[in-house]
Amino acid sequence: MAIAFVEEQENSTNVSGSTLSLPSIAGGTDVFYILAVGRKGAGTLGVSSVTGGGLTWTEQTGATDPCGARDQTLLSLWTAFGSPAAFEAGATWASSAVPERSGIILSYSGASSVVDDPSSQNTLGDPASTCTGGTDNSTTSVSVTTVDATSTIITAVMTKNRTISTADADYVERGFVEVVGAQNELYIHDRIGAPNGTDNCSHALSDVGDWVACGLAVRQAGGAPAATVTLKQLMGVGL
């Protein structure tokens with residue numbers, strides 16, 4: 001069964017605190033969940049844990065607390081796989097006084113639990129582990145490598161006070177949330193059936209700004225379909 005997008009939920013807050021809860025998302029059998037969580041600035045104060053559905057949540061980011069290169073944005077991806085009932089996911093930060101926070105959770109059917117090439121990038125390059133010294137620009141970018149053409153690439157980007165004006169044509173927007181008053185924007189996109197190999201997801205922003213992007217690939221359940229071999233091929237006819 002091919003991978004299919006199922007559902008999206010999001011939430012944000014501009015009240016200082018240490019947690020963020022998202023609205024209930026449906027359960028099911030063998031469901032892949034991905035949660036993108038972002039916050040304003042201060043790259044040393046990342047998410048310490050995610051809970052929900054009785055599942056095991058794993059950070060899949062490719063760098064410790066990926067951050068914007070001017071320390072204005074912070075983003076991480078967390079995944080889980082299983083067969084839960086409907087649940088509310090929650091993220092907890094390492095600090096008790098985290099400013100503006102936002103999150104988007106997606107669910108997929110037909111996926112496995114196997115994640116490949118978690119990656120991150122900011123204006124200084126890949127990975128997004130240097131949080132200062134960058135120069136704002138107007139194009140986000142993150143590259144992810146798949147193992148076959150049945151995988152799905154999922155990417156997220158968080159910007160400081162900038163919207164996406166032109167999204168990558170190969171990717172579908174699955175979620176967007178803005179922190180009211182702070183104008184921190186969080187987007188999440190996917191490319192189902194991404195090509196085998198390395199693929200870049202790049203968006204044009206409304207103006208130059210600080211941003212951080214993360215991405216990963218998830219494999220299809222059961223792996224790639226077996227290749228079809230004809231009788232002529234087996235007999236070497238026409239080869």
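Tutor: Strand β9 and strand β16 (residues 211-220) pair in the antiparallel sense over seven bridges. Strands here are DSSP runs (E, at least two residues) and helices are H or I runs of at least four residues, numbered from the N terminus; two strands pair if DSSP finds at least two bridges between them. A quick caution: this is a predicted model, where local features need pLDDT of at least 70, side-chain atom pairs count only at pLDDT 80 or more, and totals for chains, interfaces and linings use all residues. Residues are numbered from 1 along each chain as its sequence is written, and side-chain values use heavy atoms, with hydrogens and water left out.

Student: Which residue is the bridge partner of aspartate 116 in β16?
Tutor: Strands of a sheet pair through backbone hydrogen bonds, either parallel or antiparallel. Here β9 and β16 are antiparallel. Within β16, the partner of aspartate 116 is alanine 217.

Student: Is aspartate 190 buried or exposed?
Tutor: Aspartate 190 is in strand β14 (residues 184-192). Buried means under 20% relative accessible area, exposed over 50%, and partly exposed in between, with a 1.4 Å probe and protein chains only. Aspartate 190 has a relative accessible area of 1%, so the answer is buried.

Student: Which side chain makes a polar contact with the side chain of aspartate 190?
Tutor: A polar contact is a pair of N or O atoms within 3.5 Å; within protein, one must be able to donate a hydrogen and the other to accept it, and residues adjacent in sequence count only if both atoms are side-chain atoms. Leaving aside neighbours within four places in sequence, aspartate 190 is in contact (heavy atoms within 4.5 Å) with residues including Phe5, Thr152 and Tyr108. The polar contact, at 2.7 Å, is with tyrosine 108.

Student: How does glutamine 72 count: buried, partly exposed or exposed?
Tutor: Glutamine 72 is found in the loop between β5 (58-59) and β6 (73-82). Its relative accessibility is 23%, so glutamine 72 counts as partly exposed.

Student: How far apart in space are glutamine 72 and threonine 159?
Tutor: In sequence, glutamine 72 and threonine 159 are 87 residues apart. In space, C-alpha to C-alpha, the distance is 8.1 Å.
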